[in-house]
Amino acid sequence: MRTHADLVAALRTSDAVPATWAEVFTSVDRGAFVPARCWVDDRTGRPAPLDRAADPDGWAAAVYSDRPIVTQLGDGATVWPATSRNPTSSASQPSLVLSMLDALDVEPGQRVLEIGTGTGYNAALLASRLGDEQVVTVELDAELADRARQALKDAGLDPVVVTGDGAAGHPDRAPYDRVVATAAVAAGRIPQAWIEQTRPGGRLVVPWRTTWGAGVLVTLVVHDDGTATGSVAGDAFFMPLRDHRTPWGHAARFGRLAEDSDLPATTTGLPPNRAVYDRGGSFAVGVQVPDVQHSVAHDDTDPDVWELLLFHVDSGSWATVQTTPDATAASRFDVRQHGPRRLWDEVEAAHDWWHRHGEPDPDRFGMTLAGGRQTMWLDTPETEAHISE
């Protein structure tokens with residue numbers, strides 16, 4: 001049966017354990033914070049129920065591996081062993097946890113605010129290194145907060161666990177030297193409270209995502225004038241803050257509208273897969289085409305035949321791009337667009353901007369927060385990519 005020692009050894013072998021966190025990571029057992037009943041993605045990506053009592057070896061194999069474990073579905077409305085495709089809390093992948101803690105760059109004596117307690121494991125690592133009194137962690141879901149408090153207590157730890165809205169931070173213990181979020185914020189919506197509650201020179205580590213779907217980790221430093229600047233520090237896909245979730249259920253409605261439409265088609269030379277699946281291209285589209293969602297529908301008999309659907313809920317705009325073997329061979333794809341926003345035109349313009357700037361990776365982008373504006377830029381603030389008010 002796998003143990004925490006096996007997880008530590010595996011991540012040490014892959015050089016994923018920062019030296020400053022090695023002792024704490026070795027001493028804090030991840031399994032003490034993962035519920036006995038949880039879900040682990042199966043081969044199709046659907047969360048499958050896992051019970052420690054019924055399958056102790058399977059539970060240990062999952063928990064003590066470098067993989068995320070789903071601990072809640074549907075905000076608790078999905079009761080184990082039922083499943084859904086709507087995970088709302090998890091024990092994050094350990095290597096990603098360590099990467100974020102390394103980016104946080106904490107020092108002894110510093111005070112940390114964590115947004116999103118979840119299982120309590122991340123707070124346990126922080127409290128073990130810095131001391132209970134230096135760590136405040138906020139969890140919106142009361143049941144999750146209570147479970148984390150008990151797990152922390154059982155582990156001999158007692159950081160401040162607050163049941164409340166993490167977007168508001170926790171001003172009672174401010175200012176903080178470091179703020180780390182374990183839930184993603186939507187583009188343009190990093191809470192101002194996090195900046196205001198961080199002392200000048202303090203650092204924030206925040207998962208950031210676009211409606212298009214790109215997810216990255218952003219590190220920010222707060223300055224004396226209350227502004228903050230920083231950069232993208234790699235990919236990071238986290239469940240969003242509850243108020244930052246993208247509305248669900250609209251793809252089917254817009255798909256029916258597109259199917260029933262007899263709009264004439266134009267053509268595009270941009271393969272839709274480049275706007276959706278290329279790491280850099282999809283990120284550039286996401287930061288420049290706000291509030292636009294997409295979905296992909298494949299032909300049941302031919303994987304080379306598929307349709308990209310784009311839609312913007314508020315304006316009712318939609319677009320489709322068709323991929324077939326003939327279209328791929330000719331590099332000409334049929335496009336239909338409807339509504340006040342010409343969504344595919346916007347995507348093409350964003351992708352062209354990315355191409356003209358040398359097809360940069362997301363890691364070359366940075367961010368400035370000042371005066372209520374959140375600006376994403378390439379290499380320097382003078383190369384502005386997208387502004388959200």
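**Labels and their cut-offs**

Modeller: Gladly, and let me start with Ser128, which is partly exposed, with a relative accessible area of 33%. This is a predicted model, in which local features need pLDDT of at least 70 and side-chain atom pairs count only at pLDDT 80 or more, while totals for chains, interfaces and linings use all residues. Residues are numbered from 1 along each chain as its sequence is written, and side-chain values use heavy atoms, with hydrogens and water left out.

Colleague: Why is Ser128 called partly exposed?

Modeller: Buried means under 20% relative accessible area and exposed means over 50%, with partly exposed in between, using a 1.4 Å probe and protein chains only. Ser128 has 33%, so partly exposed is the label.

Colleague: Where does Ser128 lie, and which residues does Ser128 touch?

Modeller: Ser128 lies in helix α5. Helices are DSSP runs of H or I with at least four residues, strands are runs of E with at least two, and both are numbered from the N terminus. Ser128 touches Val24, Val28 and Leu157, not counting residues up to four places away in sequence; contact here means heavy atoms within 4.5 Å. Val24 and Ser128 are 104 residues apart in sequence, and their C-alpha atoms are 6.4 Å apart in space.

Colleague: What about Asn122: buried or exposed?

Modeller: Asn122 has a relative accessible area of 10%, so Asn122 is buried. Asn122 also has its place in helix α5, residues 121-130. Among the residues touched by Asn122 are Val97, Leu101 and Val180.

Colleague: At what angle do α10 and α12 pack, and how far apart are their axes?

Modeller: Helix α10 (residues 279-288) packs with helix α12 (residues 343-356) at an angle of about 125°, and their axes are 8 Å apart. Axes are lines fitted to C-alpha atoms, for helices over the stretch in contact, and angles run from 0 to 180 degrees between N-to-C directions.

Colleague: What makes α10 oblique to α12?

Modeller: Angles under 35 degrees count as roughly parallel, over 145 as roughly antiparallel, 65 to 115 as roughly perpendicular and the rest as oblique. The angle is about 125°, so α10 is oblique to α12.

Colleague: Which residues make that contact, and of what class are they?

Modeller: On the α10 side they are Gly280, Gly281, Ala284, Val285 and Gln288, and on the α12 side Val347, Ala350, His351, Trp353 and Trp354. By class, the contact has six nonpolar, four polar and no charged residues. Ala, Val, Leu, Ile, Met, Phe, Trp, Tyr, Cys and Pro count as nonpolar, Asp, Glu, Lys and Arg as charged, and the others, Gly among them, as polar.

Colleague: Now the sheet: why do β13 and β14 stand at the edges?

Modeller: Five strands form an open sheet in the order β13-β17-β16-β15-β14, with antiparallel pairing. β13 (266-268) and β14 (293-298) each have a single partner strand, so one side of each is left without a neighbour in the sheet. Neighbouring strands are turned by 25° against each other on average, direction ignored.

Colleague: How do you know that β16 and β17 pair?

Modeller: Two strands pair if DSSP finds at least two bridges between them. Strand β16 (residues 317-323) is joined to strand β17 (residues 333-338) by four bridges, so β16 and β17 pair, and they run antiparallel. Gln337 in β17 is the bridge partner of Ala319.

Colleague: Which helices lie on these strands?

Modeller: Helix α8 (residues 250-260) lies across β14, β15 (306-312), β16 and β17, at about 110° to β15. α12 packs on the sheet too, touching β13, β15, β16 and β17, and its direction makes about 100° with that of β15.

Colleague: What makes the backbone at Asp291 and at Pro81 worth a look?

Modeller: Most residues other than glycine have a negative phi, and most peptide bonds are trans. Asp291, in the loop between α10 and β14, has a positive phi near 65°. Trp80 and Pro81 are joined by a cis peptide bond with omega about 10°. A cis peptide bond also joins Ala174 and Pro175, with omega about 5°.
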